[in-house]
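Me: I'm new to reading protein structures, and I'd like a close look at one part of this one. Could you walk me through the charged pairs and the parts around them?

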Amino acid sequence: MTGKFKADLAASFLDASIEDQKWPDLLQDYTNDCGAVSGNVLSLKMTEGGSPAAVHLSKGVNAEKLSAWNNEYSQHEADCFPVIARSELFQVLSEHDIWPDQEEFNSRPHIPWLAENLGVRHRLCARISEEPSWFETVSVQYHKDRGPANAAERDLFGKYAPVIAASVRLGRIFQTLKSRFSAVLSVLDRYRVAVMLVTDSGQVVLRNRTSEKLLDQTSALAITRYGKVRIRDSDSNAELQRLIERAANTANAKDDVPMGTVIARGSVHEDAIICEVSAVRDTTDELGERYRGALVTLYDPFLHPEVSMEGFSLVYGLTGGESAVTALLLEGMTTEDIAETRGVKIGTVRNQIKSVLAKTNSRSRSDLVRKAISANPPIDRKRPDER
């Protein structure tokens with residue numbers, strides 16, 4: 001029998017962004033509720049040719065047999081990846097959705113192998129990353145002796161996808177911080193992007209040095225005298241507060257909206273800043289209290305650290321000239337500065353920027369910066385003298 005959506009289970013997935021050892025039990029609870037027997041989360045970094053960044057398996061999956069599947073049979077499903085990559089974010093896909101010709105699919109040699117060795121047959125899958133720099137999915141597998149997932153199971157499977165996506169996205173940053181500095185929330189200065197931790201009311205609990213620098217240089221955002229983050233425009237500020245409240249409530253198992261974005265605009269001479277809000281939980285008590293709130297990340301094209309272009313141009317199909325212009329954009333240069341640096345006309349640079357924004361599906365320079373940072377998060381390396 002299909003279970004019901006559990007806000008506490010959804011919130012617990014956020015814990016896995018810091019404590020990745022929690023994935024097996026969480027995925028098993030999730031798959032059980034969906035009527036399945038096993039599940040997994042796959043994260044491939046496409047800027048590195050699709051190399052695995054993380055693979056999380058539900059409890060009890062036979063790792064040895066799964067390895068045999070990957071080595072000997074996974075190539076029979078290679079044609080599923082383009083279909084999933086083109087699907088809508090969080091769209092629930094069954095095998096029939098991916099391979100309409102089920103008779104042909106059933107004739108493939110890996111189908112009986114899956115049933116005999118892993119005891120599964122039908123599956124569900126959803127894409128959980130919006131950026132082409134990452135191919136990330138969540139999947140569940142059903143016992144070989146039963147039929148495909150029913151409508152209720154598909155619906156429940158999809159409801160958890162956004163919070164699983166939020167955990168995976170934060171995990172890219174948090175796991176690197178944890179491996180290098182044995183901490184996460186208390187070492188956010190090491191993450192060279194403007195971030196702050198806030199409560200459900202927008203009260204700032206912690207902000208890193210990059211965010212302080214940004215706040216000093218923009219009129220788009222500010223910290224009020226009561227210690228709350230605020231966007232200058234009242235409508236945008238209302239949306240920011242709504243997103244913060246819902247993200248914090250999700251962290252406290254009272255809602256199911258873990259992420260969202262809003263634009264902050266300052267003076268006419270400033271570029272818009274993207275404010276990305278994510279639910280977050282301090283599971284290891286780094287902040288001295290059981291913090292459950294929201295992480296606000298600020299993307300400003302003219303105030304950010306050096307961003308690596310490694311693999312980015314290849315993923316988005318940029319030409320040599322477009323790649324060079326993008327690198328200068330990511331350094332915070334204006335159109336005029338880029339034209340002077342490259343020794344070309346301003347009109348040429350404008351056309352190249354327009355092409356880059358179109359190819360990367362970016363709405364603005366801030367959005368382009370956000371995508372580049374997502375592809376290669378800028379995190380300090382440990383100094384040689386640090387243990």
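What follows is a walk through the salt bridges, then the strands and the helix around them, and finally the cysteines.

Reply: Happy to! First, some ground rules: this is a predicted model, in which local features need pLDDT of at least 70 and side-chain atom pairs count only at pLDDT 80 or more, while totals for chains, interfaces and linings use all residues. Residues are numbered from 1 along each chain as its sequence is written, and side-chain values use heavy atoms, with hydrogens and water left out.

Let's start with the charged pairs. The structure holds 28 salt bridges (a salt bridge is a side-chain nitrogen of Lys or Arg within 4 Å of a carboxyl oxygen of Asp or Glu). Eight names belong together here: Glu-130, Glu-131, Arg-169, Glu-276, Arg-363, Asp-367, Arg-370 and Lys-371 are linked in a network of salt bridges.

Take Glu-131, which forms a salt bridge with Lys-371, with 3.2 Å between the closest N and O atoms. This pair links distant parts of the chain, 240 residues apart: Glu-131 sits in the loop between strand 4 (120–127) and strand 5 (134–143), and Lys-371 in helix 15 (residues 365–375). Helices (H or I, at least four residues) and strands (E, at least two) are DSSP runs, numbered from the N terminus. Both Glu-131 and Lys-371 are buried, where buried means under 20% relative accessible area, exposed over 50%, and partly exposed in between (1.4 Å probe, protein chains only).

Now look at Glu-276. One of its partners is Arg-169, and the closest N and O atoms of this salt bridge are 2.9 Å apart. Here too the pair links distant parts of the chain: Glu-276 is in strand 11 (residues 273–281) and Arg-169 in helix 8 (residues 151–181), 107 residues apart. Both Glu-276 and Arg-169 are buried. Glu-276 also meets Arg-370 in a salt bridge, at 3.7 Å from N to O. Because Glu-276 lies in strand 11 and Arg-370 in helix 15, this pair ties together parts that are 94 residues apart in sequence. Glu-276 has a relative accessible area of 5%, and Arg-370 counts as buried at 4% relative accessibility.

Asp-367, another member of the network, is found in helix 15. At 0% relative accessibility, Asp-367 counts as buried. A polar atom of its side chain lies 3.1 Å from the backbone nitrogen of Arg-363. This is a polar contact: a pair of N or O atoms within 3.5 Å, where, within protein, one must be able to donate a hydrogen and the other to accept it, and residues adjacent in sequence count only if both atoms are side-chain atoms. Leaving aside neighbours within four places in sequence, Asp-367 is in contact (heavy atoms within 4.5 Å) with Ile-274, Asn-361 and Ser-362.

Ile-274 leads us into the strands. It stands opposite Tyr-299 in strand 12. Strand 11 and strand 12 run antiparallel and are joined by eight bridges (two strands pair if DSSP finds at least two bridges between them). Strand 12 also pairs with strand 6 in the antiparallel sense, over five bridges, and there Val-198 stands opposite Ala-294. Strand 12 is mostly covered, with seven of its eight residues buried.

Which parts do the buried residues of helix 10 pack against? They pack against helix 1 (7–15), strand 6 (194–198), strand 9 (229–231), strand 10 (259–264), strand 11 and strand 12 (292–299). Among the buried residues of helix 10 are Leu-240, Leu-243, Ile-244 and Ala-247. Helix 10 (residues 234–251) has 18 residues and reaches 26 Å from its first C-alpha to its last, close to the 26 Å expected; the expected span is 1.5 Å times one less than the number of residues. At the start of helix 10, a side-chain oxygen of Asp-233 comes within 3.3 Å of the backbone nitrogen of Asp-235. After the helix comes Ala-253, whose phi is positive, near 60°.

One last check concerns the cysteines. A disulfide is a pair of cysteine sulfur atoms within 2.5 Å, and by this rule there are zero disulfides. Cys-34 is buried at a relative accessible area of 0%, and Cys-275 is buried with a relative accessible area of 0%.
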